[in-house]
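Reader: I would like to learn how to read the contacts between chains. Please take me through them one step at a time.

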Amino acid sequence: MALLEINDLHVFYGNIEALKGISLAAEPGQIVAILGGNGAGKTTTLRTISGLLRPRTGSITYRGKSLIGIQAHLIVGLGLSHVPEGRRIFSILTVEENLNLGGYLIRSDRKLVGERKASIYTLFPRLAERRTQLAGTLSGGEQQMLAIGRALMSGPKVLMLDEPSLGLSPILARSVLKTVREIANRGTAVLLVEQNARQALAIADRAYVIEVGRVVLEGEAAILAGDERVQKAYLGGFEAVGAG
Amino acid sequence: MIDRLANHRVARTYVATRDQLARLPFWVRVIVILGAVGGSVLANGDDYVTAVGVSVATYAMLGLGLNIVVGYAGLLDLGYAAFFAIGAYTSALLMTQAHWNFFATLPLAVLFTGTAGAILGYPTLRLRSDYLAIVTLGFGEMTRITFNNWDYAGGPNGILQIPWPNFFGYELNTQGDFFIVGLALLAVAMIFAQNLDHSRLGRGWVAIREDEFAAESVGVPSLRLKLFAYVMGGMWGGLAGAFFATRIGAIDPTSFTFQLSVLVLIVIVLGGIGSLPGVIVGALVVVAMPEVLREFADRRLLIFAVLLIGMMLVRPQGLWPRIRRKPKPFYGLEEEESEDVADKILREHQVQMEERDRRHAAAGRQVPQRGEALLEVEGVVQQFGGLRAVDNVTFEVYRGEIFSIIGPNGGGKTTLFNCITGVQKPKRGKIRFDGRSVVGLRPHVIVSRGIGRTFQGIRLFKQMAVFENVMVGLYPRHRTMTWQAMLHTPGERNDEVRTLQESRRWLGFVGLESVAGRLATELSYADQRRVEIARALAAHPHLVLFDEPAAGMNPTEKLELVGIIRKIRDLGITVVLIDHDMSLVMRVSDRIAVLDHGVLIAIGKPAEIQQNPLVIEAYLGREEDLVEEQAEGA
Amino acid sequence: MSLGWSHKHRIAEAKGGKKGMGEFLQYTVIGLTVGSFYALVALGYTIVYGIIRLINFAQGDLSMVGAFLGWTLLVSFGLDRLPLYLALIIAFVVPMLGTAVVNLGILQFAYKPLLKRSLLAILITALGMSLLLQNTAELIWGPRIEAYPPNLLPSTGFFMGPVHVTYVQIALAFVSLLLMGAMVLFIQGTTVGTAMRALAVDHDAARLMGINVDGVIRLAFVLGAMLAAASGVMLGLYYVQIQFTLGFLLGLRAFTAAVIGGIGNIPGAMAGGMLIGLLESYTTGYLSGKWKDVIVFGVLITVLIVKPTGLFGERVAERM
């Protein structure tokens, strides 16, 4: 049994079925990429796992226990951390305060909070320089680092990242994704929703391609990277033309 | 053949008659019911009951006025008593100091309250609705305190010995007289309110209540509509105040406290917010209950408070809820053959376009011809905090083309749309449409200039039927005036029928005529996007901006979308498109611009864009990413 | 609204012969004392509004409930026979706790089921709550004006130059500052306080941090009510007379203070409270007491029109 297993998940927004039976799995130390066009259901999948949305049917199992019906703030405590799309950092708080909130559940253990903060500052030295600055004044890349750092404060076993490269320059995006690989290498399972398919497949172990609420392709990232169907499903043929 | 024609004619007459009847009953119902109630109360001859009846009528009139503000426009007004006070004082002062006839004071009472409403409303109606509630509360208290401190108006003692009204020599001085006048005013108020509710204004108000941003962006002048509701509601309050003053014969500031504003609010909440019969029911409860249950009269505010909270929790729609008839789309309209529809749209659109071009030419402006720049974006910069979302972007869109803007998420595409449509004001740069700058205009003005749009996240009016959504899109094209709507004149009726007709054609145009009567939320994702397209087209724009119309569509639906976009272009409408689906963009676009990190990195024909290495890198990441990382991994 | 609310007797004291600068300073002292009461209530508005975008109309009435609970303890239960410091501690703490329970009940039964519904519904309910508190208080304590023990606190004071300052003013201002200071420390200095500020920006993101959003909302209601109750007891001690209607105008003035300070902005609410207190005191002293509310509301409307984010900037991000 995998660390996180999702089976036949159906999610509705009103009458619209956003997820029409998604199944996927993640293991410790693995990066699982979820690819697909806008509106395919990638974000919905992550939001359902982290408890912000309720599925109509289907199962989400983490360490053999069902997550369905557990409130979002308790799911964080179980070891699943979610970096939402658009970063959603607390703009009116300082960098340090944002990180403190990431460690909200361990707030009584000041030593642990301090240690985790220190390790995040080592991972992202830029954040250490700006620790007393308001988060809203950071650049896009720094905000993304903060969002990831904030999510790591709770010491997650599963880290969910929603489009971490959004709005970042290619170089910055690469460096963020490299850090994601490092995080996974320490034993965290990572669910990575990305639009930058090449970069995502380059660092991922497995990948799923979602289209209109369904998984249309899945497999080893390295194999999918060369699969014509990925280019078709996700890149809409553009890649083929462009590379050719 | 003749038979069919006859049937046709018979059917038409039938439908027309039924339509007539369907329209008549509200007048009839109001007059018959109020007449019957009034008659039986008067026949009873009990002065006490009649007096209670006058009070109910007064509260119902106040409730009707406040209902326009709260129920229709969705604005919480907690100082409604101020209008009542201004009306009462205006009328009373004119009668006692200038010895005017009561009926002669009414226009001035209404004018003064309307002016007060406009002066307060114009600057404050842009505020968030919770702030507005407090502002109106403050206004109510200020008005009361001002009257209390104003010696000319009698200060705390108020105005005494206000004469009875004189109606062409007949002095109205019994409770029965007042009851008749009260009922008559009430009947007029109800009929006006009903007509407004069922006009384009009513539709505009629903749209604003549901999604003010979307309403404004499809051409509904939200501030004007809110102001209108506020002033209109105030005028009714003023009229009721004048009536109250002459009936009681003496007024003082304690008659116009915050408590009165709350009581009137309770009238409409109990009865059902937005419901006309509900107002009467609410007025009955608020006035009659303390009379019937004498022993609880002292505790009536406590009971009302509990009722108010209980209603909001348990039965927010009120005792007699606003009835939402199942919308009957195109009821009574003639059937049209489908080729006919396309033809008519084309013809109507061409007429509109030519008319516009002529108007522009007459005004001495240069009209861009096909292939000339229709939209010019020049050096536009938009910044949020430290982030430059749009960085010095310059391009032109030519009349008649399909122009796409692509680029990675967060590249600044939607921000650019928002700048063009007036949702945001760019920090720097020029945006010209039809040769005229559109920077700094309100969104609904830009719509009327000829730019329509759809939204990335669908923003339809959820409580409205599909065809009503499209009718809201036709708002800028109505020709009738408000007074016509209030009186429901033949001109207004024709305008409504025309609107209905056109909304059906546009729905036919996007292939959704069959679901016109459904609620927008009942449709699939793809169909909702098509409704948005129809709504944007309904105003006959010169240029439409589609923000990710294909998101969430399956391949078949995307194919249909391509067809629709081409049909739109064939009408002569210029299309600007944001989308991520490359095959769709490459297939439909005449030209493509690529935005990355707010910077325009490429512009050109699809084939050129596909070959552009900068674009490939921005959009897909660098080729060596893959190689490099895999090498590292190995 | 004429009860203990008028500054007349205080102002009359101030007018006793002194003119010019002395008079001005005297009004300033009075304004700051009263302003500190408004500031406490304004803090409650600002905290609750910052988190759930609700104008808790009942905030001013919670003060009234606090004032009456304090009165019940001091007068009906005869607390005034205890040593002064003990009596005062009980007269503050018990009403603060009692009012907190009331506010929690209001949140749980009335507001919570409506939080996801329209703004209109929740505003109307909040208004209903204000009415309910007022009329329940009338039912329990009666419609009459009640008096705090007049001789509980010494009415003596001392002269600072031309300005007469009473010990009561000093003590009450001190307690206000203490409470406000504690509040600021809590909100700026602790992780839970930080969470409270974070809720002003993004509820979902806060959930993803493991923050129990409902719990933090409850906490905000508790704190808001405690501040309101404290200011109510202080009003009773300062003005002596209390009546069940006192919450209405108090609430409006405090709300004005919160808006002037920039809603959601905690130091702003305190400064706003002081400003309103001063404005009122100067208006009463130099113009006439009967215009003071017109001036206060005029300022409210002007600020909202000219600078709706308040004089010190709003700390509430617009959530869509």
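Reader: How many residue pairs are in polar contact between chain C and chain A?

Author: Bear in mind that this is a predicted model. A polar contact needs a pair of N or O atoms within 3.5 Å. Between chain C and chain A the count is 3 residue pairs, both residues being at pLDDT 80 or more.

Reader: Which helices of chain C supply at least two residues each of the side that touches chain A?

Author: Those are helix 7 (191-199) and helix 8 (203-208) of chain C. Helix 7 of chain C has the largest share of that side, 6 residues. By class, the side of chain C that touches chain A holds 10 nonpolar, 5 polar and 5 charged residues.

Reader: How many salt bridges does the rule find across the interface of chain C and chain A?

Author: A salt bridge is called when a side-chain nitrogen of Lys or Arg lies within 4 Å of a carboxyl oxygen of Asp or Glu. Here the rule gives 3 across the interface of chain C and chain A. One of the pairs that meet in a salt bridge is A:Arg88 with C:Asp202, at 2.4 Å from N to O.

Reader: What area is buried between chain C and chain A?

Author: About 2000 Å², with 68% of it from carbon and sulfur atoms. On the chain C side, C:Thr191, C:Leu208 and C:Met209 supply 34% of the area that chain C buries against chain A, more than any other three residues. The contact involves 20 residues of chain C and 22 residues of chain A.

Reader: Now the other pair. How many residues does the contact take from chain B and from chain C?

Author: It takes 40 residues from chain B and 42 residues from chain C. Between them, chain B and chain C bury about 3700 Å², and carbon and sulfur atoms account for 79% of it.

Reader: How many salt bridges does the rule find across the interface of chain B and chain C?

Author: The number is 0. For polar contact, the rule finds 4 residue pairs across the interface of chain B and chain C, both residues at pLDDT 80 or more.

Reader: Which elements of chain B give two or more residues to the side that touches chain C?

Author: They are helix 4 (102-124), helix 5 (129-149), helix 10 (258-271) and helix 12 (300-314) of chain B. Helix 5 of chain B gives the most, with 14 residues. Sorted by class, the side of chain B that touches chain C has 29 nonpolar, 6 polar and 5 charged residues.

Note on methods:
Residues numbered from 1 in each chain as written. Chains lettered and ligands numbered in written order. Predicted model: local features only at pLDDT ≥ 70, side-chain atom pairs only at ≥ 80, totals over all residues. Heavy atoms only, no water. Contact = heavy atoms within 4.5 Å. Buried area = accessible area lost by both parts, 1.4 Å probe. Polar contact = N/O pair within 3.5 Å; in protein donor to acceptor, adjacent residues only side chain to side chain. Helix = DSSP H or I, 4+ residues; strand = E, 2+ residues; numbered from the N terminus. Nonpolar A, V, L, I, M, F, W, Y, C, P; charged D, E, K, R; others polar.
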